[in-house]
Amino acid sequence: MRRTERTADTIREEIAQIVGYELEDPRLSAVTVTDVRLSNDKRDARVYVTIAGGEDDHKTALAALKHAAPYVRKQLGLILNLSRIPVLHFVRVHIEG
């Protein structure tokens, strides 16, 4: 596994912990972090999430994630020893079923 992929996987694990346990927002209870992809320059990270529930639940959860992104990024900076913490962009993954 390349270094960028390992870094992205570590970021995914930490974001999952922060969203799942630190953020006390009921709108985020149905959110699961599935993947993180870093841009080539590591300035941006796409955080892929699945959200249980209906369309309204999806919209409110994405809004809550967008609002929480600066806090999550700050927490990543405290936890991880990276030279640059990427800007987080939350992206909903559509699950067919």
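This report covers the salt bridges, then a charged surface patch.

The model is predicted. Side chains of opposite charge can pair when their charged atoms come close. Here the count comes to six salt bridges.

| Salt bridge | N to O distance |
|---|---|
| Arg27 and Asp25 | 2.7 Å |
| Asp35 and Arg37 | 2.9 Å |
| Asp41 and Arg43 | 3.7 Å |

In the pair of Asp41 and Arg43, the distance is that of the closest N and O atoms. Asp41 has 41% relative accessibility, so it counts as partly exposed. Arg43, at 45%, is partly exposed too. Salt bridges with shared partners also link Asp9, Arg12 and Glu13 into one network.

Asp35 bridges to Arg37. Its relative accessible area is 24%, so Asp35 is partly exposed.

Next comes the patch. Which residues form the positive surface patch? They are Arg2, Arg3, Arg6 and Lys42. Of these, Arg6 lies in helix α1, which spans residues 3–22. Is Arg6 buried, exposed or partly exposed? Its relative accessibility is 44%, so Arg6 is partly exposed. Patch members need over 30% relative accessible area and no salt bridge. Arg6, at 44%, is therefore over that area cut-off.

How values were computed:
Residues numbered from 1 in each chain as written. Predicted model: local features only at pLDDT ≥ 70, side-chain atom pairs only at ≥ 80, totals over all residues. Heavy atoms only, no water. Patch = residues over 30% accessible without salt bridge, like charges linked within 9 Å, V, L, I, M, F, W, Y side chains within 5 Å. Areas by Shrake-Rupley, 256 points an atom, 1.4 Å probe, with all protein chains shown as cover. Salt bridge = Lys/Arg side-chain N within 4 Å of Asp/Glu carboxyl O. Lys, Arg positive; Asp, Glu negative; His and termini not counted. Charge placed at Lys NZ, Arg CZ, Asp CG, Glu CD. Helix = DSSP H or I, 4+ residues; strand = E, 2+ residues; numbered from the N terminus. Buried < 20%, exposed > 50% of the residue type's maximum accessible area, 1.4 Å probe, protein only.
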